[in-house]
Amino acid sequence: MDNNITIDTSRFQEISVSYLKKLSGDKLLTFDVLDQQGNTVCSAGQALDDELLKKKSEEGIKFFIPRVTESIGVYDREIIDMKKLKAIADDTATMYTDIRKNGKMTHAQFLQSHNHLAAIVDSLRTEDKTGGVLSLLKDIKDFDYTTYTHSVNVGMLAMILVYKEMSTGDKVKLAALAGYLHDIGKLRVDQSIIQKPGLLSQDEFKKVLEHTREGYRILDSVVDSTGKKVVSNIIKFVALFHHRKLQSPGYPFRDSDKDQTRENQYNELPDLARMIGICDMYDALTSETPFRIPMGAEKALRYILSLSNYLYSTDDIHRFIKVLGLSLNKGMPFLKAGDFIMIESEKISMDTRKKVRVYEVARIEEISRINFMNPKVMIFYDTIKNKKVHNIIVDLRYDSNRRVVRVFESTRIRNMLLRQLKQD
Ligand SMILES: [Fe+2]
Ligand SMILES: [Fe+2]
């Protein structure tokens with residue numbers, strides 16, 4: 001029997017307390033329930049609390065608001081069987097212990113990884129219900145955080161990203177497997193260094209950096225019974241390059257390419273290596289480790305946006321956010337009216353005739369859920385000329401050249417910007 005309560009949140013703007021009361025028993029909510037002020041009163045996955053409903057009725061509250069997510073019938077445990085996912089995490093733990101001990105991966109272990117991930121991809125339904133899949137990532141994280149749960153998470157994120165871009169099954173499987181195996185090289189790095197709380201010594205840091213090359217080596221040496229290499233190049237490249245960044249070298253460094261700009265080095269990376277790099281960053285930011293408090297989805301997404309044209313290209317960040325931003329943040333835009341933001345655009349320089357990037361500071365005036373990356377903004381500062389400009393309202397839905405690339409979080413800077421905005 002289905003013990004979940006799923007409501008078509010595209011139809012219900014609010015749920016009456018009396019309706020919720022009717023759904024009594026052992027039921028779990030499949031959506032967050034908010035009060036009129038937007039505070040969560042009951043989270044998805046929790047049981048309905050009769051006491052709470054009674055208390056709210058007595059307080060005169062007649063309606064709750066279901067948190068709308070991108071998908072309909074949000075929290076559908078049928079999409080991916082949680083047991084299946086946990087079993088994969090357990091199998092991964094066993095497999096990793098083995099690889100760590102032997103220093104290499106066998107063909108059978110590679111096939112097992114492939115089959116596990118392929119089974120999940122095959123079980124995805126064609127309807128867009130990925131909100132449910134994403135909510136499972138949190139469950140996986142709740143039971144432990146180690147290299148193997150991180151691997152499962154990054155595999156799932158890469159899978160959903162590619163799946164939501166309407167790719168075919170094979171591409172989705174490749175993304176899932178590449179994400180899952182991206183950190184396999186860590187199994188050749190001393191565990192005490194990987195899990196060390198606090199700062200690493202220079203020597204230890206160097207050893208951690210080596211996990212990219214080690215990952216490539218492990219995957220490159222997987223052969224079948226005839227001695228033929230079985231892991232595709234793209235999976236090996238993801239392991240090797242998932243830390244390469246746009247403005248900072250990332251690793252591994254490439255000394256032979258001193259004449260190449262970092263931007264070229266970044267742009268020539270396989271698409272999947274760049275996107276899995278962002279999935280990796282997202283999972284690291286939102287994961288709890290013994291020595292780090294996790295960021296919530298909203299904070300992590302705002303942080304990732306601020307890495308545009310710095311650690312990752314603006315195109316890649318926007319791609320990640322447009323595809324996953326709403327689902328990861330439970331259907332809510334992570335930008336809001338009143339946010340001070342940086343806008344990037346391109347123009348042709350009068351002097352050099354080359355394309356240059358221009359940055360403006362603006363405040364979000366209006367934002368819609370569907371078009372949250374293209375809000376209506378008031379631009380008031382030109383960072384190239386370093387001066388205040390006349391306040392102009394621009395609707396970014398109709399200006400594809402201008403893109404939001406940063407949110408200013410610090411109160412000090414926000415106050416300073418507010419003063420600028422009010423200046424004539
Ligand atoms: Fe890594
Ligand atoms: Fe990683």
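User: Which residues does leucine 161 touch, leaving out those up to four places away in sequence?

Analyst: Two residues are in contact if their C-beta atoms, placed from the backbone, lie within 7 Å. Here leucine 161 touches Ala175, Met275, Cys279, Phe320, Val323 and Leu324, not counting residues up to four places away in sequence. This is a predicted model, where local features need pLDDT of at least 70, side-chain atom pairs count only at pLDDT 80 or more, and totals for chains, interfaces and linings use all residues. Residues are numbered from 1 along each chain as its sequence is written, and chains are lettered from A and ligands numbered from 1 in the order in which they are written.

User: Which residues touch the most other members of the largest nonpolar core?

Analyst: A nonpolar core is a set of buried Ala, Val, Leu, Ile, Met, Phe, Trp, Tyr and Cys residues joined through C-beta atoms within 7 Å. A residue is buried if 20 or more other C-beta atoms lie within 10 Å of its own, exposed if 12 or fewer, and partly exposed in between. The largest core has 79 residues, and Ala158, Met159, Leu161, Ala175, Ala176 and Ala178 touch the most other members. Helix 6 (residues 147–164) gives the largest share, eleven residues. Helices (H or I, at least four residues) and strands (E, at least two) are DSSP runs, numbered from the N terminus. The core lies between domain 2 (82–297) and domain 3 (335–422), because both give residues to it. Those bounds come from an automatic or database domain assignment.

User: How do helix 6 and helix 15 cross, and which residues meet?

Analyst: Two packed helices are described by the angle between their axes and the distance between the axes. Axes are lines fitted to C-alpha atoms, for helices over the stretch in contact, with angles from 0 to 180 degrees between N-to-C directions. The axes of helix 6 and helix 15 (residues 314–328) come within 10 Å and cross at roughly 95°. So helix 6 is roughly perpendicular to helix 15 (65 to 115 degrees). Ile160, Leu161 and Lys164 in helix 6 meet Phe320, Val323 and Leu324 in helix 15.

User: Is lysine 330 buried or exposed?

Analyst: Lysine 330 is buried, with 22 other C-beta atoms within 10 Å. Lysine 330 sits in the loop between helix 15 and strand 7 (340–348). The C-alpha atoms of lysine 330 and alanine 297 are separated by 8.6 Å, though 33 residues apart along the chain. Ala297 is one of the buried residues of helix 14 (residues 297–305).

User: What do the buried residues of helix 14 pack against?

Analyst: They pack against helix 13 (271–286), helix 15 and strand 11 (403–407).

Terms used: Parallel < 35°, antiparallel > 145°, perpendicular 65-115°, else oblique.
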